[in-house]
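Please work through the following exercises with the sequence and the model at hand. Each task is followed by a solution in steps.

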Amino acid sequence: MRPKVVVHAQISLDGCIKGFDDTGVYYRLAAQFNAEMVLFGSNTVSAAAEYFNPPETEKDFIKPVIDPNDSRPFAIVPDSRGKLWNLHLFRNMEYVKDVIILVSKTTPQTYLNYLKERNYDFIICGEDHVDYRKAFEILYNQYNCRLIRTDSGGILTNILISQGLVDEISLVVSPCLVGNSNPSLFRSLSLQDKIQLKLVCSEIIDDNYLSLIYKIV
Ligand SMILES: NC(=O)c1ccc[n+]([C@@H]2O[C@H](COP(=O)([O-])OP(=O)(O)OC[C@H]3O[C@@H](n4cnc5c(N)ncnc54)[C@H](OP(=O)(O)O)[C@@H]3O)[C@@H](O)[C@H]2O)c1
């Protein structure tokens, strides 16, 4: 068994995932899913760290004590290449309880040592890149996770869709055209067969945004 997986993405009317002035509606709707875990791509995490990068302190080596009534999600990040060396930024964000890293059998030992020294949970699954199907089963069985929401760019989103690991796609269509200097959400989607969708929600938000939720049938 694996958790239900909802891809949640903000797109411009021309289908791009970057270039917005405002992400407020996206995060407001994201919170409504009440997911136990949020899956971020490693490029998404490194892009966020470009703007905010305080140095590590002693406290960042200690695993946070989690209150059982804490309803915030865990952040899950696949990082098989071991490139995220500033996870304290994420651990300290007020929106998440803690960070769990997905790695593979080829992840450098120096990176696993970095994770161990700072008491991050990590799951080793997959030979080269992460095997998401296995990782999700482990999150279901060992962490009791029943719902994962994504907050990732096109690469990870499309891998999950093409591997048949997505149950719903939630799009926040935003009132702008950003042009082809920005990446489009489905630019790398490679499919053997067409995927049929069923519209389960369409709602105008704040007059100008459209929330669309499609179920994969
Ligand atoms: N509009 C939105 O809703 C939204 C939401 C979030 C982010 N973003 C934007 O999206 C951008 C990043 O998007 P992105 O598409 O470049 O990256 P991404 O979605 O962050 O995807 C990168 C992830 O895919 C994994 N991956 C790559 N190749 C793989 C493979 N062959 N097999 C398994 N996993 C693989 C990587 O894992 P490894 O590290 O293990 O290779 C990495 O964790 C950021 O600039 C951010 O601002 C937009």
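The model is predicted: local features need pLDDT of at least 70, side-chain atom pairs count only at pLDDT 80 or more, and totals for chains, interfaces and linings use all residues. Residues are numbered from 1 along each chain as its sequence is written.

**Exercise 1. Describe the overall form of the chain.**

Step 1. The chain holds six helices and nine strands; these are DSSP runs, numbered from the N terminus, with helices (H or I) of at least four residues and strands (E) of at least two.

Step 2. The radius of gyration is 17 Å, close to the 17 Å that the globule rule gives for 217 residues, so the chain is as compact as a globular protein of that length. The radius is taken over C-alpha atoms, and the rule is 2.2 Å times the number of residues to the power 0.38.

Step 3. Of the 217 residues, 33% are buried, that is, 20 or more other C-beta atoms, placed from the backbone, lie within 10 Å of their own.

**Exercise 2. Identify the domains and characterise their contact.**

Step 1. The assignment, of an automatic or database kind, gives domain 1 (1–36 + 154–217) and domain 2 (39–62 + 71–145).

Step 2. The contact takes 10 residues from domain 1 and 11 residues from domain 2, two residues being in contact if their C-beta atoms, placed from the backbone, lie within 7 Å.

Step 3. On the side of domain 1 that touches domain 2 there are seven nonpolar, one polar and two charged residues. Ala, Val, Leu, Ile, Met, Phe, Trp, Tyr, Cys and Pro count as nonpolar, Asp, Glu, Lys and Arg as charged, and the others, Gly among them, as polar.

**Exercise 3. Is strand S1 enclosed or open, and which strands join it?**

Step 1. Eight of the nine residues of S1 are buried, so the strand is largely enclosed by the rest of the structure.

Step 2. S1 runs parallel to S6 (residues 147–151), with three bridges; here Val6 has Arg149 as its bridge partner.

Step 3. S1 also runs parallel to S7 (residues 168–174), with seven bridges, and Ile11 stands opposite Val173. Strands pair if DSSP finds at least two bridges between them.

How values were computed:
Buried ≥ 20, exposed ≤ 12 C-beta atoms within 10 Å, placed from the backbone.
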